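Here are some exercises to work through with the model open beside you. Try each task before reading its solution.

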Amino acid sequence: MATIELSGVGKTYPGGVQAVRGADLRIGHGQFVVLVGPSGCGKSTLLRMIAGLETITSGEMRIDGQVVNDIPPQDRDIAMVFQNYALYPHMDVRTNMAFGLLRRRRYPSRLRALLSSRYGQAHRAERADIDRRVIEAARILGIEHLLARKPAALSGGQRQRVAVGRAMVREPKVFLFDEPLSNLDAKLRVEMRAELRMLHRRLGATMLYVTHDQEEAMSLGDRVVVLKDGVIQQEASPRTVYDRPANRFVAEFVGTPTMNMIEGTLQAQPAGLRFQGQGLTIDGRMEGWRTVIRPQPVPAVLGVRPEHLQLGCAGGFQASVEAVEHFGDRMDVVLRAGDRTLVARTPPRAIAEGGLVTVSVDLSSCHLFKPGEAGARLGD
């Protein structure tokens, strides 16, 4: 296990393109940290800098307290699982998993083993240790019966296990995963997510995982790091990122369906708060906000999770039902209210498309942000 510390780490490509800007991050011993964000946000670049595959143009990176800015990849004691698995098609599973260890052998020569008994003994002991590691990793991953097969004879999930096994046999300080599940179908991705979590618990290793899928990030990570345009927007536990997003970008990116955002003004009332915007007026209470919001209208963006929109309750506003999407145990209802389209998530119920429904909002479960695409959370 190892710690990884980033202090002001940045990456600028020729032409002035900044892929990563002043990243400050600490990953503790045995943590499973997920980097998540839209395409082009710099998450893979950051992972490749940790692996040593990209040079660092600013800042400092430490692994177990040692500065590694100029240390080559092979000397960082890191194993990486790539998106395309990078398996050698002409080698069987056993050789693919052992390849990294075979390339780094101290006693590689068979001829010297024949000529020297002491060298031969060390050579055989080294090969036995490699075989032991391969078999143990294959047992943990459930691919012992596949060791003699070539990659072409494996399914996508089996290839993914082989790629993970190749990293495991090295027994590295840090595991790096670069979107390893993106090529799998939906059902297999769910299964492999569970297997990766169990593998992390079993190994207790430090793992850093990159994905653009926020559902994958929330289900896998002990900590989630959200990036946008090369800048870390928030680093926290999955629950905190969901319940207390640091800004509007994080709030909209994390969660399916995305959070409803309503731009308007907020002002204090004798009995609570009033939000007005985009043809809607919402009255209610938000604990602690009376000391922040003044009687004069304050520009704000109200964020409401789809599950916090209540349908059919008295005292709300009228909305037309644009569409209904059924998912078995739940359904999403697309609504048109005022000048805004909203999405509500609710248990299955009888709601007809084209009809009207009463919608109420509990302000105590809402979020407030400053105006702007990445407006900060109000009150923090």
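**Exercise 1. Find which rings K228 and R305 lie over, and at what distances from the ring centres.**

Step 1. Start with the lysine: K228 sits over the face of F249, 5.7 Å from the ring centre. The criterion is that NZ of Lys or CZ of Arg lies within 6 Å of the ring centre and within 35 degrees of the ring normal.

Step 2. Turn to the arginine: R305 lies over the face of Y242, at 4.0 Å from the ring centre.

Before going on, note that this is a predicted model, in which local features need pLDDT of at least 70 and side-chain atom pairs count only at pLDDT 80 or more, while totals for chains, interfaces and linings use all residues. Residues are numbered from 1 along each chain as its sequence is written, and side-chain values use heavy atoms, with hydrogens and water left out.

**Exercise 2. Describe the setting of R248: is R248 buried or exposed, and which side chain does R248 join in a polar contact?**

Step 1. Locate R248 in helix 9, residues 248-253. Helices (H or I, at least four residues) and strands (E, at least two) are DSSP runs, numbered from the N terminus.

Step 2. Check accessibility: R248 has a relative accessible area of 11%, so R248 is buried. The cut-offs are under 20% for buried, over 50% for exposed, and partly exposed in between, with a 1.4 Å probe and protein chains only.

Step 3. Look for the partner: the side chains of R248 and E263 are joined by a polar contact of 3.2 Å. Such a contact is a pair of N or O atoms within 3.5 Å; within protein, one must be able to donate a hydrogen and the other to accept it, and residues adjacent in sequence count only if both atoms are side-chain atoms.

Step 4. Widen the view: beyond the neighbours within four places in sequence, R248 is in contact (heavy atoms within 4.5 Å) with residues including M261, V301 and F369.

**Exercise 3. Repeat the analysis for K11: where is K11 found, and which side chain does K11 join?**

Step 1. K11 belongs to strand 1, residues 4-13, and is buried, with a relative accessible area of 6%.

Step 2. The side chains of K11 and T55 make a polar contact of 3.0 Å.

Step 3. Now follow the pairing of strand 1, where pairing requires at least two DSSP bridges between two strands. Strand 1 runs antiparallel to strand 2 (residues 17-27), with 7 bridges, and V9 stands opposite A23. Strand 1 also pairs with strand 4 (residues 58-63) in the antiparallel sense over 5 bridges, with L6 opposite M61.

Step 4. Finish at the hairpin of strands 1 and 2: 3 residues lie between the strands, and G15 takes a positive phi near 100 degrees.

**Exercise 4. Classify the ring pair Y88 and F99.**

Step 1. Count first: the whole structure holds 6 aromatic pairs. Rings of Phe, Tyr and Trp (its six-membered ring) pair if their centres lie within 6.5 Å; planes under 30 degrees apart count as stacked, over 60 as edge-to-face and the rest as tilted.

Step 2. The centres of Y88 and F99 are 4.7 Å apart and the planes are at 50 degrees, so this pair is tilted.

Step 3. Y88 lies in the loop between strand 6 (78-81) and helix 2 (93-103), and F99 in helix 2, so the pair ties together parts 11 residues apart in sequence.

Step 4. Compare accessibility: Y88 is partly exposed at 33%, whereas F99 counts as buried at 19%.
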